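Here's a quick walk through a sheet and the aromatic side chains that go with it. Have the model open while you read.

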Amino acid sequence: YRLNNDVTVYAGLALLSTEIDDMYRLETDPDTWEDVRVNINGREQAHAPGYQYQLGFDWQLMDNVRWNASINGRDDYFYSFSHDEKSQAINLVNTSVTYQAEQFDITLWVRNLTNKDYGVRGFYFGNDPRDGYEAKSYEQLGEPRVFGIKLDVFF
């Protein structure tokens with residue numbers, strides 16, 4: 001939406017509803033070490049957040065300088081069908097400033113401005129003999145704060 005000649009705002013929302021139907025998984029009973037069938041019917045699908053959103057703006061600060069900022073987020077979600085570990089819901093802030101010249105644009109940008117730690121993949125298994133191979137969660141984190149410069153040349 002164009003607020004005025006200098007400011008444009010934008011937003012997006014995605015909603016997703018999922019449910020597992022007629023699915024079982026095998027788990028090892030920690031006392032007997034036997035495989036046990038576990039029913040996970042009614043649970044949400046893995047890697048299926050209930051919502052995702054984006055809200056941001058572009059602001060033409062001067063004739064040749066533009067600022068963009070946005071916040072992006074998503075709901076928590078299960079990492080896998082094989083366990084019940086979940087990610088956290090996240091909100092990430094991104095921003096950039098662009099200098100616009102006649103023959104080129106140069107942009108300084110930052111993603112994950114607040115340097116938030118957030119999980120993107122998760123695993124659950126026993127891997128350490130010191131604790132009797134007790135199953136625990138392992139999480140792969142998403143991108144930390146990243147910044148850069150982009151040059152667009154027009155010819």
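Let's start with Tyr-99, which is partly exposed at 37% relative accessibility. For that scale, buried means under 20% relative accessible area, exposed means over 50%, and partly exposed is in between (1.4 Å probe, protein chains only). Keep in mind that this is a predicted model, where local features need pLDDT of at least 70 and side-chain atom pairs count only at pLDDT 80 or more, while totals for chains, interfaces and linings use all residues. Residues are numbered from 1 along each chain as its sequence is written, and side-chain values use heavy atoms, with hydrogens and water left out.

The bridge partner of Tyr-99 in S7 is Ile-106. Strands S6 (residues 90-100) and S7 (residues 104-111) pair in the antiparallel sense over 6 bridges. Strands here are DSSP runs of E, at least two residues long, numbered from the N terminus, and two of them pair if DSSP finds at least two bridges between them.

Zooming out, the open sheet has 6 strands in the order S1-S4-S5-S6-S7-S10, with antiparallel pairing. Strand S1 (7-15) and strand S10 (146-153) are at the edges with a single partner strand each, so one side of each has no neighbour in the sheet.

Back in strand S6, have a look at Thr-98. Thr-98 is buried, with a relative accessible area of 3%. Its side chain is joined to that of Thr-107 by a polar contact of 2.9 Å (a pair of N or O atoms within 3.5 Å; within protein, one must be able to donate a hydrogen and the other to accept it, and residues adjacent in sequence count only if both atoms are side-chain atoms).

Now for the rings. Rings of Phe, Tyr and Trp (its six-membered ring) pair if their centres lie within 6.5 Å; planes under 30 degrees apart count as stacked, over 60 as edge-to-face and the rest as tilted. By this rule there are 5 aromatic pairs, including these:

| Pair | Centre to centre | Angle of planes | Type |
|---|---|---|---|
| Phe-57 and Trp-67 | 4.9 Å | 85° | edge-to-face |
| Tyr-99 and Phe-104 | 6.4 Å | 45° | tilted |

Phe-57 sits in strand S4 (residues 51-62) and Trp-67 in strand S5 (residues 65-74), 10 residues apart. Phe-57 is partly exposed at 23% relative accessibility, and Trp-67 is partly exposed too, with a relative accessible area of 28%. Phe-57, Trp-59 and Trp-67 make up one aromatic cluster.

Note on methods
Helix = DSSP H or I, 4+ residues; strand = E, 2+ residues; numbered from the N terminus.
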